[in-house]
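Here are a few exercises to work through with the model open beside you. Try each task before you read its solution.

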Amino acid sequence: MGSVPRDAVTTFFQRRMANPLMRRLPFQTLLETTGRTSGLPRRTPIGGQLDGDRFWLVSEFGDRSQYVRNIAADPRVRLRLRGRWHTGTAHPMPDDDPHARLRDQPSFNAFGVRTFGTNLLTIRVDLDP
């Protein structure tokens, strides 16, 4: 019998357990994209680092992440930071070093991304003024 891929286990845990709980926490950072098929808002708990009017995050599964696929279809996003919603435009940054970027991010989130991530990709969100 074959083993279950780590991505599948992580995705199951995130979708069914962690994300529903974390979306309810009032100060959890959330990324809201528009579903590329449904057109509905999709909210994903994320970690990252605000740097001026830019927010940086690292996707664990790169362009295989559903929210990254949604960004490719429509880069306009909303970001909930410290309980307040902001609009912006998301940009995948394939030439950025995600491992170096994680060194500047909150340690708990960075640890999880490094531990479970298999195809790291930096995403930059330019926040609207």
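Let's start with contacts, meaning heavy atoms within 4.5 Å. Residues 24 or more positions apart make up 67% of the chain's contacts that have a separation of 6 or more.

Some ground rules: this is a predicted model, where local features need pLDDT of at least 70, side-chain atom pairs count only at pLDDT 80 or more, and totals for chains, interfaces and linings use all residues. Numbering runs from 1 along each chain as its sequence is written, and side-chain values use heavy atoms, with hydrogens and water left out.

## Exercise 1: list the parts

**Task.** Find how many helices and strands the chain has, and in what order the elements run.

**Solution.** Helices (H or I, at least four residues) and strands (E, at least two) are DSSP runs, numbered from the N terminus. Counting them gives four helices and seven strands. Now read from the N terminus: the order is α-β-β-β-β-α-β-β-α-α-β.

## Exercise 2: find the core

**Task.** Which residues have the most contacts inside the largest nonpolar core, and which element gives the most to this core?

**Solution.** First, the terms. Buried means under 20% relative accessible area, exposed over 50%, and partly exposed in between (1.4 Å probe, protein chains only). A nonpolar core is a set of buried Ala, Val, Leu, Ile, Met, Phe, Trp, Tyr and Cys residues joined through side-chain atoms within 4.5 Å.

Next, the residues. The largest such core has 15 of them, and Leu31, Phe55, Leu57, Ile71, Leu79, Ile123 and Val125 have the most contacts inside it. At least two residues each come from β4 (54-59), α2 (66-73), β5 (76-81) and β7 (121-127). The top contributor is β7, with four residues.

Finally, look for a second core: it is separate and has five residues, including Val58, Ala110, Val113 and Leu120.

## Exercise 3: follow valine 77

**Task.** Is valine 77 buried or exposed, and what does valine 77 touch?

**Solution.** Start with its place: valine 77 is in strand β5. Its relative accessibility is 4%, so valine 77 counts as buried. Take threonine 89: it is 12 residues from valine 77 along the chain, and the C-alpha atoms are 5.8 Å apart.

## Exercise 4: two arginines

**Task.** Which of these is buried and which is exposed: arginine 82 or arginine 101?

**Solution.** Arginine 82 goes first. You'll find it in the loop between β5 and β6 (84-93). With 62% relative accessibility, arginine 82 counts as exposed. Its phi is near 50°, a positive value in a residue other than glycine.

Arginine 101 is in helix α3 (residues 98-103). At 18% relative accessibility, arginine 101 counts as buried. Now look for a charge over a ring (NZ of Lys or CZ of Arg within 6 Å of the ring centre and within 35 degrees of the ring normal). The charged end of arginine 101 is over the ring of tryptophan 56, 3.5 Å from its centre.
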